[in-house]
Amino acid sequence: MKLVLVGYMASGKSTIGQILADDLKIDFIDLDTAIADSVGLSVPELFKTKGEVFFRKKETLFLEELLDTDKDLILATGGGTPCYGNNMDIILEKATHSLYLKLSIPSLVGRIIMQKENRPLVSNITNEDLPEFIGKHLFERSSQYERASNIINCDSKTIDELKEEIKDLLL
């Protein structure tokens, strides 16, 4: 089984992915972390020093390599992963399941405000401008996210509720 989680930044891909992987006893990989570990720089440092084009090329390379392995895994993508190049096509072709973890704009704003300094895309945006930025950005990306084989509405659900809902879909 290869399960790929897609969705906007702070939608819970890494959190739910790790919990699901532990529960199902399979490997969990966070794509951003795998890239950062291989290059020896954090994602914000990568964007700052090497640029987004470098990062996106690495992202596609790692995505393909990870989905071409023979082992079962849950992969949490970065928020932009499905929206660049042919990454969503790769996910749909090579993953057993793809899930879009969907959250409303207010829910995303509430989460992102707490972690802005770790999010290069929004680190320089004022809190007042964040809802408009996220809304516009989400509108641009949602057509790719919604291509996932399943869409999970995550608003007002606990981690355990989400875990059980996703397990029901998979099993």
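This is a predicted model: local features need pLDDT of at least 70, side-chain atom pairs count only at pLDDT 80 or more; totals for chains, interfaces and linings use all residues.
Helix H8 covers residues 159-170. With 12 residues at 1.5 Å a residue, H8 should span 16 Å, and this agrees with the 16 Å between its end C-alpha atoms. Five residues of the helix, Leu162, Lys163, Ile166, Lys167 and Leu170, are buried. They lie on the same side of H8, because the arc they cover around the axis is only 130°. In general, an α-helix has 3.6 residues a turn, so residues three or four places apart point the same way. The other side of H8 carries Asp160 and Asp168, which are exposed.

Glu59 belongs to helix H4, residues 52-68. Its relative accessibility is 0%, so Glu59 counts as buried. The side chain of Glu59 makes a polar contact of 3.0 Å with the side chain of Arg56. Leaving aside residues up to four places away in sequence, Glu59 touches Leu31, Asp32, Ile35, Thr81 and Asn87.

The cysteines remain. A disulfide requires sulfur atoms within 2.5 Å, and the count here comes to 0. Cys83 is in no disulfide, since the nearest cysteine sulfur, that of Cys154, is 16 Å away. Cys154 is likewise in no disulfide, and the cysteine sulfur nearest to it is that of Cys83. Cys83 has 26% relative accessibility and therefore counts as partly exposed, whereas Cys154, at 4%, counts as buried.

Key:
Residues are numbered from 1 along each chain as its sequence is written. Side-chain values use heavy atoms; hydrogens and water are left out. Helices (H or I, at least four residues) and strands (E, at least two) are DSSP runs, numbered from the N terminus. The expected span of a helix is 1.5 Å times one less than its number of residues. Buried means under 20% relative accessible area, exposed over 50%, partly exposed in between (1.4 Å probe, protein chains only). The arc is that of the directions from the helix axis to the C-beta atoms. A polar contact is a pair of N or O atoms within 3.5 Å; within protein, one must be able to donate a hydrogen and the other to accept it, and residues adjacent in sequence count only if both atoms are side-chain atoms. Contact means heavy atoms within 4.5 Å.
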